[in-house]
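This report describes how the parts of a multi-chain model are arranged and how they meet.

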Number of protein chains: 4
Amino acid sequence: MADTVFSKFETVKFEGPDSTNPLAYQYYDADRVVLGKPLKEHLRFAVAYWHSLAMNGSDPFGGPTINRPWSGAGDPIALAKVKADAAFELFRVLDLPFYCFHDADIAPGGATLAETLKNFHTIVDYLGEKQQSYSTKLLWGTANLFSHPRFMAGASTNPDPEVFAWCAATVKHCMDATVQLGGANYVLWGGREGYETLLNTDMKQELEQMGRFLTLVVDYKHKIGFKGQILLEPKPKEPTSHQYDFDAATCYGFLKRFGLENEVKLNLEANHATLAGHSFEHEIATAGSLGILGSLDINRGDALLGWDTDQFPNDLWTMTMSMYHVIKAGGLGLGGCNFDAKVRRQSFTEEDLIHAHVGGVDLCTRAFLTAAKLIESKTYDAILDERYAGWKTPEAQAMFTGKLSLEQIAAKAEADAINPQPRSGKQERIENLLARSIYTDKL
Amino acid sequence: MADTVFSKFETVKFEGPDSTNPLAYQYYDADRVVLGKPLKEHLRFAVAYWHSLAMNGSDPFGGPTINRPWSGAGDPIALAKVKADAAFELFRVLDLPFYCFHDADIAPGGATLAETLKNFHTIVDYLGEKQQSYSTKLLWGTANLFSHPRFMAGASTNPDPEVFAWCAATVKHCMDATVQLGGANYVLWGGREGYETLLNTDMKQELEQMGRFLTLVVDYKHKIGFKGQILLEPKPKEPTSHQYDFDAATCYGFLKRFGLENEVKLNLEANHATLAGHSFEHEIATAGSLGILGSLDINRGDALLGWDTDQFPNDLWTMTMSMYHVIKAGGLGLGGCNFDAKVRRQSFTEEDLIHAHVGGVDLCTRAFLTAAKLIESKTYDAILDERYAGWKTPEAQAMFTGKLSLEQIAAKAEADAINPQPRSGKQERIENLLARSIYTDKL
Amino acid sequence: MADTVFSKFETVKFEGPDSTNPLAYQYYDADRVVLGKPLKEHLRFAVAYWHSLAMNGSDPFGGPTINRPWSGAGDPIALAKVKADAAFELFRVLDLPFYCFHDADIAPGGATLAETLKNFHTIVDYLGEKQQSYSTKLLWGTANLFSHPRFMAGASTNPDPEVFAWCAATVKHCMDATVQLGGANYVLWGGREGYETLLNTDMKQELEQMGRFLTLVVDYKHKIGFKGQILLEPKPKEPTSHQYDFDAATCYGFLKRFGLENEVKLNLEANHATLAGHSFEHEIATAGSLGILGSLDINRGDALLGWDTDQFPNDLWTMTMSMYHVIKAGGLGLGGCNFDAKVRRQSFTEEDLIHAHVGGVDLCTRAFLTAAKLIESKTYDAILDERYAGWKTPEAQAMFTGKLSLEQIAAKAEADAINPQPRSGKQERIENLLARSIYTDKL
Amino acid sequence: MADTVFSKFETVKFEGPDSTNPLAYQYYDADRVVLGKPLKEHLRFAVAYWHSLAMNGSDPFGGPTINRPWSGAGDPIALAKVKADAAFELFRVLDLPFYCFHDADIAPGGATLAETLKNFHTIVDYLGEKQQSYSTKLLWGTANLFSHPRFMAGASTNPDPEVFAWCAATVKHCMDATVQLGGANYVLWGGREGYETLLNTDMKQELEQMGRFLTLVVDYKHKIGFKGQILLEPKPKEPTSHQYDFDAATCYGFLKRFGLENEVKLNLEANHATLAGHSFEHEIATAGSLGILGSLDINRGDALLGWDTDQFPNDLWTMTMSMYHVIKAGGLGLGGCNFDAKVRRQSFTEEDLIHAHVGGVDLCTRAFLTAAKLIESKTYDAILDERYAGWKTPEAQAMFTGKLSLEQIAAKAEADAINPQPRSGKQERIENLLARSIYTDKL
C-alpha cells in the first residue's frame, strides 16, 4: 500500500451516538438494516475526486491554500498516480463504498486530443488496478467540459462545431472508462451550456445542439450495452450567467422535448437547488413525481451568499425532508449520495477533509434514519390521506379522470349550490411534529 | 357619457419626442407603420382592470390609500357600474386599444355560487354595452381563483375537490364572458397553485389535478369554438411559497407532459421573470424558441426587493431586448402588452395613474422602435451568422442532424486531430453597440 | 373570567422531552434554573398582540382567512375589550410571562387625534385591569406609525411636519401607557422611515428629523423617570423600499451620530436580519460587541422568499447560535424573546395559534439549554483562546494598544523577517462539534 | 516607446454623438467645461491595473483565457516591466487621466518580506519613470492583503498578530509609494476582514484590531504629510462570507466608533452596493449626507447573479442618478471614477479591453452630462423644496431644532387638533420626467 498523505489516518469506524471521538461515525453503521436493506445500500455514499483531491482552496480573490504532494511540479502522469494512491487511501479511511470523478480530476490534459485521451486512459487503467486492492467502487464518471478555455462558449452548445466534436470524443472515452471501471452511472453537467448574453447567442440553435448531444450519448449507451443510468445535473447559474439546465422541472421539459424522459434521470445537488430558488427537497420531490430521480450531490449552500459554496451538509431539517422524499420516490436505485462538497479555504489540512466527510456522513445518515422512521410510522401519509380524502369519492374521481367535461362540472356545481369551506392546513402543528422527530431522534 | 373621476382628463395625444407635455405621448404614434403594420397592432397595449381600477394602495403593513367613488359603501352592483364607467373613461383618456380583467375585478362576489355568477354576468353585460360606446376592446379575461379564502389551499390543485368544481364553474363562465365580449385570449394564473409546505402536500396528485383542469379548459375552448389563445402565466413564488408554474421552461414541461404544448401559450410578466431568476428577455426568448409565446404583462420589479412590486416599466435596455425577442419570435399575434402594473402607494391621485401609463406606453414604444430598427438593420443577425457559421458546413450538419453517431464523431475528431481555438465573444463591443442604439435613439 | 375563544384550552404545561402531547412543553420548564436563574427570567418570552390578536391572514393577493369574534362589525371599544379578554386568556393558555403591543393593535383609531388617544387610554386602562387578574406582564409597548395613510411618506421622517407632530403626540402617550402598565421597554420600529425613490427624497433632512425624534424620546424618558430601555428595531426593506434602520451596524452609526449610543439599544428580529443579508446570530453578536443588544423578536424568514414571512422559529442551529451570543453578550436584561411571528394564512383556527407558540417556545428553550451547556463547557472559549493566543504576548499588545506606530511595526517586521504561516480554521471540525451538541441534546 | 500589445491601437478620440466609430468617444470630450470645470476634472477616470492588466479570465470553474506577454514564464521583474510598459500604452490609447494599483498587481511577491518589498519598490520606481513619459497619473494606490494564503483568516483582523505586522509593513510601503508617485488617495479594501463562521471568530477583538490598524494608517499619513485622502472601500460579502465593511452606513459607524469620521472617506463601488442590497446612488447619497464621499469604483453587477461580476457599466438610469448625487455631494474632489471592471471571460483580446473602456467612459460621461443638466435646471430641487416646504415654517423649525420637547409638541398637536392629510409622492410622474431626460439626452 502506497505511503500517502492519508495513510496515517485510521479507518473511521462506527462507534454509536455516545461516542465523543470526532473521527468516528455516530450514526453511520453501514450494515445496519433499515427498511429492508443495509444503510450502505440505501445511501451509497461517494467521495468526489473533484472536490477532495483536485481543489486547491483558491477563490476569485485568492490563490491556493491547499498543497498536496501532487500539486507541485513534476511528471504529470506520475503525479496523477500519486494523487490516485492518496485518493484510494482517503476512501479507505472514510470506508465509503463509492467515488466519482471527472476526466480532468484524475488525469492531466495533453497538448493534443490524442495525448489527452492517452493520459486519461493511462490513469483509468491505474484506477482499475487500485480498485482491485480497495473496496470502493465507481458511482459515476463524467467529463469536465467547462474548465479549459476551449469550452468557454459552451460544450455541446458551442458556436464552434469543433468543440462539439471534441466533447463527443471526450464523452465517448469517458463513457468507455466508466464501463471499464464498473461505474453505476454516467453524469453530464453543463456548466458552460448556457449564455453570458443573449446578444451573441442563438438559444434555439444551442438547445437543439444540446438535444442532439444527449441523444447521441443515449444511443451510445445502448450500443455499448451500458446498464447504468445517464444522469443530467441541473444548475441555474455559475459559471455561466444563465445555464439551460436550470432546475429539475426545466430538465424534464428538455427531456420531453427530445423524447429522452425515459432514458435520462437527474443528479440533483442541494446547492444548485437553492441557487435556483428551490429547496433541495423540492427538487427531489419534483424529480420523484416525474419519475426522473437519479442520484444526489449532497452538500449545502449558504442562503446569504449567491454562489455555489459547496459546503458539507449540516442542516438536519432539510436533509431529513430530502431523505424522506428520496424514500417516497423509491430510493436512489443505481444512484447514491455524492459528497460534492469542499472544505473551506482555511481548512487546508488532510485532517480537515476527513472531519468534513465524517460530519457529512453522519448528518445524512441521521436524516435518513429519521426519514425511515417517519415512513414506517406513516404519520405523514395519514396527514395526506386525510387532507386529500375528498378526491377518493366517485364524484371527485369523475372530475379527476376526465369523465366529466368543464361544463358538466360547472352544471353540477351550480345545481348542487356547492360552497366549499376553508380547512386549516395545520402547518405549525405538523412542523412541530417534524421538529420533535428530527431533533429528539425519536418519534 | 358618465361623469367619472377620469372624465375631466383630455385624451392623451401623440405630440412627438420634442413635446414637453407630460401628459402627451412622445413616442406612441398609434398609427405609425413599422415593420409593415401600425404600432397599435404590434403592441396591442392593454389597461389592467385589476391594478388600475381594483387596487387600493394597501400593502402588508398598511391600509388603503386610494379611495375611488366605487371603494366605499353602497349597492355592490351599482358601485361596480360606477367603476366600469370610470374604467372606460380611463381607457378613453389613455387611448389604448385593449383592457383585461379578472371576474373579481369587475363584479362583486355573492353569498352563493349562483349569486356570484349572476353578479358577474350582470356586469359582463354592462361591459358589453360600454364597449359599444368606446373603442377599447378586451385583450383577455381571467378568473381570480386566489383571493377568496376558499382558494387558500389552491384552486384546481386544492385538496378539496369541491374547490376544483367551483373553479371549473367559474372558469366556464369567465370563458363564456370572454367570448361574449370578443376577447382575444383567455388567461390562467395559478397564484395559489403550489404549496406552502411539502409536509401537507401531495405534489404528484396536485400536478395531475392541474393537468386535468387545463385539459378541461382546452376541451371547452374547442367545444364553444373560441378562436382566441389559452394562456398560462408563470410565476415562481408569492403569494404561495412555491408555485408550480415557476417559469416559462417549467410551464413548457408541464404542457408537454399533458400533451398541451400546441394548445396553450404563455402570458409572460417581467416581474415574474426576475423573481424566477431570469431576465424578461430570457423568458420571451425561451417561449419564442419553444413556440409558446403568447402575450406580455408589461411591468418591472425592483431588483433589490424580493417580491412582485409591479411597477410601471422604465428600464429601456431590458424592454428593448424584450421587444427584440418578441419580434424575433414572430410578434405577439393575438396577445398584447398588458400594463399589469400599479402606481406606488403614495401615488393615490387619478392623475398619478395617467402619468404612470403615459410613461409606460412611451417606454415600451421607444423600445419597440429601437428593436425594429435593430431587426431591420440585421446587425445582430449578422453577429450570430458569423458566430455560428461553422454549423452551416456539411460536416457540422452531419453531427447536428444525427447522421453521425457519437463514436463516429469521436473517431473523426481523433483522426483529424482537431484543436478548436477560443474566439472572442465580443460582449462589451456588442453591448456598446446596443447602448448606443438604445440611448441615442438611432443606430 | 371572560368566555373567550381561547378559554376552552387548558394551560400548556411542561411535560418533559418524552411527552408526546403536542400541546405540552417538552423543554420549557419555566422555573428550571440554568446559569444561575430560572429559564423564564433568561428567556422572558412574550406574545405579540400584533401577530396573534390583530392579524387576519390576508396577504397581497388574498383577503382575511382568520375571523375572530372581534373582527366583525360592532362597537369598536366593546370589540377591543373582547379582543383583550381573549388576549389574556391566550397568555394564560401559553403560560408565558410577557406580552407586547402597538397602540393600533389594542385600540381602534378615531376620527380625530383626540378620539384616537381617548380610545387608546380606555383600552390601556382595561389592559391594566386585566393585568391584575393574570400573571402576564408587559415586555414593551410601541406605536404603529406605519399603517395609517397619514404615515405613507414616513413618520418622523415625513416631509410634512404635522405628521412628525402627530407621531410625537402618539409616542408620548404610548410611552405614558407603557409606564402605566409597568412595561420593561419601549420600542420604535420605523417601517416607513425610509424612501421609495431618492427622486423625491431629501435623505439628509429626513435622517436629521429621525435623529431629532429619537432625541426627544430619550429626553422624555428621563423626564418621566422611565427606567426601561428605549429600543430601536432595525429592518432593511419592506414596507418601504429602503429603510434607514437597515441593520444593527447602521443603527449603531445612527446612534453614534446623534450621541445616543448609551441611551438606546436594539430590538433585533431574526427575519429582519436575513432580509438585510445577515444571520440572526450575526446581528446579535454585532449588537453585543457594540453594547447595544436590547431584546429579540423571535421568528424566522424563508431563505427562498424575499419578504418578511414572520414564521414561528424551527431552525435549531441558528437559534442555538443566537442564544449562545445572547448569553455571551450578558443576556437580554430587561429585554426578552417576543414571538413576532404569525401563523400561516391557512392556519386560521385558534388551536393553530397555540401549536405555533408551543413549538416556538420549545425550540428556543432547547436552543438556550444547548447554548448554556456550550457556555459552561467553555468549548468554544477554548477554541478562541487558542486561535487568538498570539495577541496575548507583550509584542502583540504593543501593536494592539497603539504603543507602536505603523512605521515602528513595519521596521520591526522587516528586521525580524517575519513570515506568518497559515493555520487551519478547522471550520468543519468545529461545525461537527456543534452539530453533535445541537442535534443530540448532549455535549 | 516600448512595443507592447496595446501599441498598435490609436489613441481614442472624441468624435461626438454622431460618430459611428466604435473606438471613438461619443460623449467624453475631456476638456468640455460643464458646471465650471472640464469633464476630465469632474470625472477623473482611472484605469484599474488589477482588472485590466492582472486578471486572466479564470473563474471558479475555469482556467485562464487571457494570455498576455507578461503572463508566461520568465524573470518576474522583467515581466512586470513588460506589463508596466503595456499598461502605460493602454492608458495612452484610452487617453484617461489616472490609473490605480494594488502592490501585487504591479510587482511579483518574493520569498521573504524583504524581497517582496524590494520587488515592489523596483517597479514603483519604474512606474515613476513611465509617468515621466505619459500624462496618466496615479489616482490611488492600495495593498492587496487578501490574495496570498497568509491573509486567508484576515489582514489586520487576523488571529495571528504576525499577519497584522506584515500588513502594517506592507501598507507603510504602499503609502510611501503612493506619495512617491504623486497619488491623490490611498485606499483600503478589507476583502478578508470579516469571518467565515462566528464559531471560530472573536468579532469584538477583530473589530478593535481593525480600528487600531486604520488609526495607525491615519497617524502615518499625517506624519509623512500625505495630503491625499484615506479611503475605505465597503463590501458586504465575497470573498469572505461576512465582511465587516458591509456598506457605507456600516463604515460610518465604524469610523465614528474610532473617531476617524473626519479622517477617512469612502471609495464606493457599484457592484458592492448592490450586493449589500442597496442601489449605487443610495450608497453615494448616504456617504454624501454623512460627509464621507471619497471616490467611486465604476462598474455594475448582474442583479440576477449573487457575486461581484464587475462588469463595465451600461445602465444609464442608475449612473445618471449616481452622478446626480455625486454633484449634490460636492463632487469627487481628490477622488475619481475608477473602472474597477473586467472584461468577460470570453473577451480575451486586447481590443475587447479597449471597447469595454470606451463604452464605460461614454456611459458615465453621458450620465454626468444629464445629471449636470438636471442640477442646472433645478428641476429636482424644486420638487424637494415643494415637498418639504412645511419644514421651513418657524413652528416646524422649533420641532426640528429641539426647541420643543416631546410633551410640548404633543400638547400643541392635541390643542391644534391636527389632522395631516396624505399628499401624492408623484413617483411615476417624476420618474417619467427623469426617463425623458435620460433617454432623450435633453431636458
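## The interface of chains D and A

Chain D and chain A bury about 2,700 Å² between them, and carbon and sulfur atoms give 61% of this area. The model is a predicted one. On the side of chain D, three residues supply 30% of the area buried against chain A, more than any other three: D:Phe61, D:Met152 and D:Gln346. Each chain brings 30 residues to the contact, 30 from chain D and 30 from chain A.

Two salt bridges are found across the interface of chain D and chain A. D:Asp59 pairs with A:Arg192 in a salt bridge whose closest N and O atoms are 2.8 Å apart. Polar contacts between chain D and chain A amount to 14 residue pairs, both residues of a pair being at pLDDT 80 or more. By class, the side of chain D that touches chain A consists of 14 nonpolar, seven polar and nine charged residues.

## Symmetry of chains D and A

Chain D is superposed on chain A by a rotation of 180 degrees, with 0.0 Å of shift along the axis and an RMSD of 0.0 Å. The C-alpha of chain D nearest this axis belongs to D:Gly306, at 1.9 Å. Both copies use the same surface, in that 100% of the contact residues of chain D recur in chain A.

## The interface of chains C and D

The pairing of chain C with chain D buries about 8,100 Å², with 68% of the area on carbon and sulfur atoms. The contact draws on 93 residues of chain C and 92 residues of chain D.

Two salt bridges cross the interface of chain C and chain D. In a salt bridge between these chains, the side chains of D:Glu407 and C:Lys223 come to 2.4 Å, N to O. The interface of chain C and chain D also holds 26 residue pairs in polar contact, both at pLDDT 80 or more. Helix α7 (residues 203-224) of chain C gives the largest share of the side that touches chain D, namely 12 residues. The side of chain C that touches chain D comprises 47 nonpolar, 25 polar and 21 charged residues.

## Symmetry of chains C and D

Chain A is divided into domain 1 (33-377) and domain 2 (380-439). The centres of the two domains of chain A, taken over C-alpha atoms, are 39 Å apart. Nine residues of domain 1 of chain A touch eight residues of domain 2 of chain A. Together, domain 1 and domain 2 of chain A bury about 830 Å², 66% of it on carbon and sulfur atoms.

One salt bridge is found across the interface of the two domains of chain A. A:Lys328 forms a salt bridge with A:Asp381, with 2.5 Å between the closest N and O atoms. Between the two domains of chain A there are two residue pairs in polar contact, both at pLDDT 80 or more. On the side of domain 1 that touches domain 2, α11 (316-328) and α12 (350-377) of chain A each supply at least two residues. The largest share of that side, six residues, comes from α11(A). By class, the side of domain 1 of chain A that touches domain 2 has five nonpolar, two polar and two charged residues.

## Salt bridges over the whole structure

How many salt bridges does a search of the whole structure find? Over all chains, the search finds 69 salt bridges. Another pair within chain A is A:Arg257 with A:Glu208, a salt bridge whose closest N and O atoms are 3.5 Å apart. A:Arg257 lies in helix α8 (residues 248-257) of chain A and A:Glu208 in helix α7 (residues 203-224) of chain A, so this pair ties together parts that are 49 residues apart in sequence.

Notes
Residues are numbered from 1 along each chain as its sequence is written. Chains are lettered from A and ligands numbered from 1 in the order in which they are written. This is a predicted model: local features need pLDDT of at least 70, side-chain atom pairs count only at pLDDT 80 or more; totals for chains, interfaces and linings use all residues. Side-chain values use heavy atoms; hydrogens and water are left out. Domain bounds come from an automatic or database domain assignment. Contact means heavy atoms within 4.5 Å. Buried area is the accessible area (1.4 Å probe) that two parts lose on being put together, summed over both. A salt bridge is a side-chain nitrogen of Lys or Arg within 4 Å of a carboxyl oxygen of Asp or Glu. A polar contact is a pair of N or O atoms within 3.5 Å; within protein, one must be able to donate a hydrogen and the other to accept it, and residues adjacent in sequence count only if both atoms are side-chain atoms. Helices (H or I, at least four residues) and strands (E, at least two) are DSSP runs, numbered from the N terminus. Ala, Val, Leu, Ile, Met, Phe, Trp, Tyr, Cys and Pro count as nonpolar, Asp, Glu, Lys and Arg as charged, and the others, Gly among them, as polar. Copies are superposed by least squares on the C-alpha atoms of residues with pLDDT of at least 70 in both.
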